[in-house]
Amino acid sequence: MKTLGVLGGMSWESTQHLYALLNRGVAARLGGLHSARLVLHSVDFAPVAALQAAGDWVEAARLLGEAAAGLRRAGAEALLIATNTMHRVAAEVERAAGLPVLHIVDATAEALRAAGVRRAGLLATRFTMEPGFYRERMRERFGIELIVPDEAGRAEVHRLIYEELCRGRFEPASRERLRGQVAALADRGAQAVVLGCTELGLLLPADSPAALPLFDSTEIHARAAVDWMLG
């Protein structure tokens, strides 16, 4: 089994979920007492979130790159960035660490393509929905179009992530609002919806009733990581 480095803590709520998914995935494949070979650097999210809000992606990349280099020294052979948003600096993290990043967009796109989805909705932080890095990679590398909620919808999903989910609050009313965003994307022609924030699946799991099939990027990313570790 290869050793995977995990950049986590963004937020720790989703990182603990991903940690469980990775270990359960390895155990399901190998049986017995097997678990995942991981090295984890869990950052303090508050400074990272402040850099995101300030648009200082250069400093955010430096911070994560430094952590990733430490993971390489600890024995990691590849990296998993345990957040969709910070894949915005995935290339910089790869260069700083000298290790490949198992990219969440690529794993999610493969799952969509296997299901025959060519146009999907994307729910995520505004940093993921608005700049285009996520949507551009999906379109240019895989030919899949991603559409996002309107401005009010994007603001609501972003608020929900940072003010509730990252703080461990999972409110039934917020779940219904999220289902409403899925329905709105269905009305605009989406065939499915990507839960493109690592916390969203904690509120609305992929098997939940919704207007469209849900693709939980965290679960998909974890499966791809297990394939890599055991490949």
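Residues are numbered from 1 along each chain as its sequence is written, and the model being predicted, local features need pLDDT of at least 70, side-chain atom pairs count only at pLDDT 80 or more, and totals for chains, interfaces and linings use all residues. Side-chain values use heavy atoms, with hydrogens and water left out. Helices (H or I, at least four residues) and strands (E, at least two) are DSSP runs, numbered from the N terminus.

**Stop 1: the segment before β1**

Select K2, in the segment before β1. With a relative accessibility of 27%, K2 is partly exposed; buried means under 20% relative accessible area, exposed over 50%, and partly exposed in between (1.4 Å probe, protein chains only). Not counting residues up to four places away in sequence, K2 touches R37, E77, W228, M229 and G231, where contact means heavy atoms within 4.5 Å.

**Stop 2**

Move to S11, in the loop between β1 (4–8) and α1 (12–30). Display the backbone here: the peptide bond from M10 to S11 is cis, with omega near 5 degrees. S11 counts as buried, at 2% relative accessibility. Residues up to four places away in sequence aside, S11 touches F45, C166 and E199. For a distance check, pick the C-alpha atoms of S11 and I161, which are separated by 9.8 Å and lie 150 residues apart along the chain.

**Stop 3: α3 against α4**

Select residues 57–73 (helix α3) and 90–97 (helix α4), which pack at an angle of about 40 degrees with their axes 8 Å apart. Axes are lines fitted to C-alpha atoms, for helices over the stretch in contact, and angles run from 0 to 180 degrees between N-to-C directions. The pair is therefore oblique; angles under 35 degrees count as roughly parallel, over 145 as roughly antiparallel, 65 to 115 as roughly perpendicular and the rest as oblique. The contact involves A61, L64, G65, A68, A69 and R72 on the α3 side, and E92, V93, A96 and A97 on the α4 side.

Leaving aside neighbours within four places in sequence, V93 is in contact with L7, L64, G65, A68, L79, I81 and V101.

**Stop 4: the nonpolar cores**

A nonpolar core is a set of buried Ala, Val, Leu, Ile, Met, Phe, Trp, Tyr and Cys residues joined through side-chain atoms within 4.5 Å. The largest one has 68 residues, and M86, V93, L123 and Y134 have the most contacts inside it. Helix α3 gives the most to this core, with seven residues. Another core, of 16 residues, lies apart from it; L21, A78, V226 and M229 are among its members.

**Stop 5: α5 against α7**

Select residues 104–114 (helix α5) and 133–142 (helix α7); these pack at an angle of about 55 degrees, with axes 10 Å apart. That makes α5 oblique to α7. Colour I104, V105, D106, T108, A109, E110, L112 and R113 in α5, which meet Y134, R137, M138, R141 and F142 in α7.

**Stop 6: a buried glutamate**

Finish at E164, in the loop between α8 (151–163) and α9 (172–187). E164 is buried, with a relative accessible area of 4%. Beyond its neighbours within four places in sequence, E164 is in contact with R159, R169, E171, S174 and R177.
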